[in-house]
Amino acid sequence: MTKLYKAVVAGTGSFVPNKKLTNFDLEQMVETNDEWIVTRTGISERRITEAGETTSDLAFEAAKRAIADANLQAEDIDLIIVGTVTPDYPFPAVACQLQERLGCKEVGSFDVNATCVGFITALQIAEMYIKAGKHQHVLVVGADTLSKLTNYTDRSTCILFSDGAGAFVLSRTEENAEHKGVIYSSIHSNGEHVEALYVPHGGSKHPYSESYEKGIAMDGRKIFKLAVQAMSKTVKETLAETGYKQDDIDSIIPHQANQRIIEAVANQLDYPLEKVISNIKYFGNNSSATIPLAFDLAVKEGKIKRGDLIMHTAFGGGLVWGSLLMQY
Ligand code: ACO
């Protein structure tokens, strides 16, 4: 019989740029105010890159920390997957740049574009490879610099977005090991909602030109509703598939898009808000990075401990959504 393995988190790391963009800074840039932003989003400040500072720079720092945390060397990594929608170049992949910058062997590497579900999608792929026995130590990174896509004259979007990176090393253990590692994951999409949240220009439909219009286009109210429905549904589905009860889950880490969305999901699930990890106040929405960043900081702050059962859930432009349940 084919031997199967389990995938466990061996180490985590994260990195955000030094530059802070506060609500008071935004008050100087667009017609808005701190109270409106805090009330509607829960965000007080966010980190954004300087000119010349790239997604691969953030990903590199987070990845180095995750590899060190796992007590491994770069040459132990045998696959690199990066979730991002803001690569340094349209191609090649950020993952390929990491291979060289980290000093990994000439292992496979690729990026995944699943917007804010990029990290969960990348983790799911990594787990499948590990489970099948193909790889031993997979570096999985979520890294984005949404500030590079943001139009800082559009007050309805520029208050939300930010930059950051987080990384996990996912390692192989025997299937009968006591530690459960990744237990279940699922991803979904509905392309009907493409234009509810997208970047209209710079792709093959409207390629770069002099009249290039920078910015993320979003129907905020529609996305808000879809996000709450999608994340609640996928958490319920994961519990039903695995047989775990809500009380078994030590923490939920949702994509950090808006504190009101996070609270609405907790409310719909009737899950205690104090067990939902949120750091959106300080970091805003950095897309693929929000989940691994929140996870890593929660570990470092002692909010997540070894053995805890953690539910990750996210949604993003597409619309895409998904969940991943694991024992840390
Ligand atoms: N400051 C002050 N007023 C503002 C601002 C601002 N920054 N932005 C909008 N307003 C005004 C609007 O013009 C509107 O004024 P009006 O009533 O005179 O027309 C009023 O505030 C209300 O605007 P709404 O858009 O209805 O406000 P809402 O309560 O829906 O909040 C928000 C807007 C925060 C964008 C919310 O809809 C939201 O968070 N949606 C989800 C967004 C999201 O999660 N996006 C990313 C997900 S995926 C990814 O991560 C890439």
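Start by selecting K131, which is partly exposed, with a relative accessible area of 30%; here buried means under 20% relative accessible area, exposed over 50%, and partly exposed in between, with a 1.4 Å probe and protein chains only. Before going on, note that this is a predicted model, in which local features need pLDDT of at least 70 and side-chain atom pairs count only at pLDDT 80 or more, while totals for chains, interfaces and linings use all residues. Residues are numbered from 1 along each chain as its sequence is written, and side-chain values use heavy atoms, with hydrogens and water left out.

E127 is buried, with a relative accessible area of 4%.

Widen the view to the whole of helix α5, residues 118-131; helices (H or I, at least four residues) and strands (E, at least two) are DSSP runs, numbered from the N terminus. How many of the 14 residues of α5 are buried? Ten of them are, so the helix is largely enclosed by the rest of the structure; among them are F119, I120, L123 and I130. Following α5 comes G133, with a positive phi near 85 degrees.

Next, step to the loop between β5 (108-112) and α5, where T115 lies. T115 has a positive phi of about 40 degrees although it is not a glycine, and it is buried at a relative accessible area of 18%. Most residues other than glycine have a negative phi, and most peptide bonds are trans. A second case is S287, in the loop between α9 (280-283) and α10, whose phi is positive and near 55 degrees; at 2% relative accessibility, S287 counts as buried.

For the peptide bonds, select F91 and P92, which are joined by a cis bond with omega near 0 degrees; P92 lies in the loop between β4 and α4. In that loop, between β4 (79-83) and α4 (94-102), you will also find P87, whose C-alpha atom is separated by 8.3 Å from that of T145, 58 residues apart along the chain. Another cis peptide bond joins G318 and L319, with omega about -5 degrees, and L319 is found in the loop between β12 (309-316) and β13 (320-327).

Finally, return to the salt bridges, of which a search of the whole structure finds six. Select D296 and K300, whose side chains meet at 2.5 Å, N to O; they are four residues apart in helix α10 (residues 290-300), and so about one helical turn separates them. D296 counts as buried, at 3% relative accessibility. Then select E301 and K303, which form a salt bridge at 2.9 Å, N to O; E301 is exposed, at 52%, whereas K303 is partly exposed, at 47%.

Terms used. The expected span of a helix is 1.5 Å times one less than its number of residues. A salt bridge is a side-chain nitrogen of Lys or Arg within 4 Å of a carboxyl oxygen of Asp or Glu.
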